[in-house]
Amino acid sequence: MNKFFRIALLASAVSMLSVPAQAHRAWLLPSATVLSGNDSWITVDAAISNDLFYFEHHALPLDNLSVLGPDGKSITPANAAKGQYRSTFDVKLEQPGTYKVMVVNRGVFANYKLDGQNKRWRGKPEQIATEIPANATDVKISETQSRIEAFVTSGKPTTETLKPTGTGLEMIPVTHPNNLVVGEKATFKLLLDGQPAAGLAVEIVPGGIRYRDKLNDTKVTTDEAGSFSVTWPGPGFYWMSASARDDKSTIKGAARRASYATTVEVLPE
């Protein structure tokens, strides 16, 4: 058996052993999360994949990408590009403080009948009135709200960009997201439309899934204040996510699914 074949066989075995092969995860991965000096740059990868943080499914669309600077004002990303498996863009850190990078999406899915035939439609909320025929029957509508974030700090951490918007599912860090250290407990809070999101399951997964046969995930539940805590077992990038379902959509009669995901970096002691 030649060397190349052995390597290919090993890679295939690891892939088959990987627990989360069925789970698609959307994520943002900055090239660095803590920087010093003036006029620093970061490059951010954006993808949807089974394995964190590996490019093997498809690129995350950047249509609804935004970046907030430490002063809370929007910054225009540079060099945005979309490939087959990942999107990329750069951000220049001209100000000291904490930046928030986010992709916030909102969409609608509908099932209905028209002249006795089952129909499906997917689009934006403002398109419902024109895209679903007035004579449609058995109309069932569901709204999705998703927020994907990452945080980067140049110099001293700040908190202006950590403020909630009051819409959808959001994370408010109690422990600063760029001050995470192995062995130390970090606390975060989830809000749904600005109110504590109690009883939500939060999944925390370390990167490198592709190279191990266990997910090594942690699952915690938010308390009455929407808070949850994590004690980091090792350094590296972690993906955290949660979702909520209710009937509080802004679209009359629609169900809603709100989701949140963030990538954080945990540093050695």
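My entries below go through strands, rings and cores in turn.

**Entry 1: what I am looking at**

I remind myself that this is a predicted model. I number residues from 1 along the chain, as the sequence is written.

I began with strand 13, residues 185–192. How many of its residues are buried? I found 6 of its 8 residues buried, so I wrote it down as mostly covered, taking under 20% relative accessible area as buried.

Next I looked up who pairs with strand 13. Strand 12 runs antiparallel to it over 5 bridges, and there I see Leu 169 opposite Leu 192. Strand 17 is also antiparallel to strand 13, again with 5 bridges; in that pairing Ala 186 has Val 230 as its bridge partner.

Strand 14, residues 195–196, joins strand 13 through 2 antiparallel bridges. Here the bridge partner of Leu 191 is Pro 196. The hairpin of these two strands has 2 residues between them, and Asp 193 takes a positive phi near 55 degrees.

**Entry 2: another hairpin**

I then checked strand 9 (residues 97–114) against strand 10 (residues 117–123), and they pair in the antiparallel sense over 7 bridges. Val 108 stands opposite Gly 123 of strand 10. This hairpin has 2 residues between its strands, and Asp 115 has a positive phi near 55 degrees.

**Entry 3: the largest nonpolar core**

Which residues touch the most other members of the largest nonpolar core? Of its 26 residues, I noted Leu 169, Phe 188, Leu 190, Ile 204, Phe 228, Trp 232 and Met 240. The elements giving two or more residues to this core are strands 12, 13, 15, 17, 18 and 19. Another core, of 20 residues, lies apart from it; among its residues are Ala 26, Val 44, Ala 46 and Val 103.

**Entry 4: Ser 241**

Strand 18 is also where I found Ser 241. Is Ser 241 buried or exposed? Its relative accessible area is 13%, and the limit for buried is under 20%, so Ser 241 counts as buried. Beyond four places in sequence, Ser 241 touches Ala 201, Val 202, Glu 203, Tyr 260 and Ala 261.

**Entry 5: aromatic rings**

I counted 5 aromatic pairs in the structure. For Trp 27 and Phe 53, the ring centres are 5.1 Å apart and the planes stand at 85 degrees, so I logged the pair as edge-to-face. Trp 27 belongs to strand 1 (residues 25–30), while Phe 53 is in the loop between strand 3 and strand 4, so the pair ties together parts 26 residues apart in sequence. Both residues are buried. Trp 27 and Phe 53 also form one aromatic cluster with Phe 55 and Phe 237.

**Entry 6: charges over rings**

What sits over the ring of Phe 55? I found the charged end of Arg 86 there, 4.4 Å from the ring centre. I also noted Arg 210 over the face of Tyr 54, at 4.0 Å from the ring centre.

Terms used
Predicted model: local features only at pLDDT ≥ 70, side-chain atom pairs only at ≥ 80, totals over all residues. Heavy atoms only, no water. Pairing = 2+ DSSP bridges. Helix = DSSP H or I, 4+ residues; strand = E, 2+ residues; numbered from the N terminus. Phe/Tyr/Trp six-rings, centres within 6.5 Å; stacked < 30°, edge-to-face > 60°. Buried < 20%, exposed > 50% of the residue type's maximum accessible area, 1.4 Å probe, protein only. Lys NZ or Arg CZ within 6 Å of the ring centre and 35° of its normal. Core = buried A, V, L, I, M, F, W, Y, C linked by side-chain atoms within 4.5 Å. Contact = heavy atoms within 4.5 Å.
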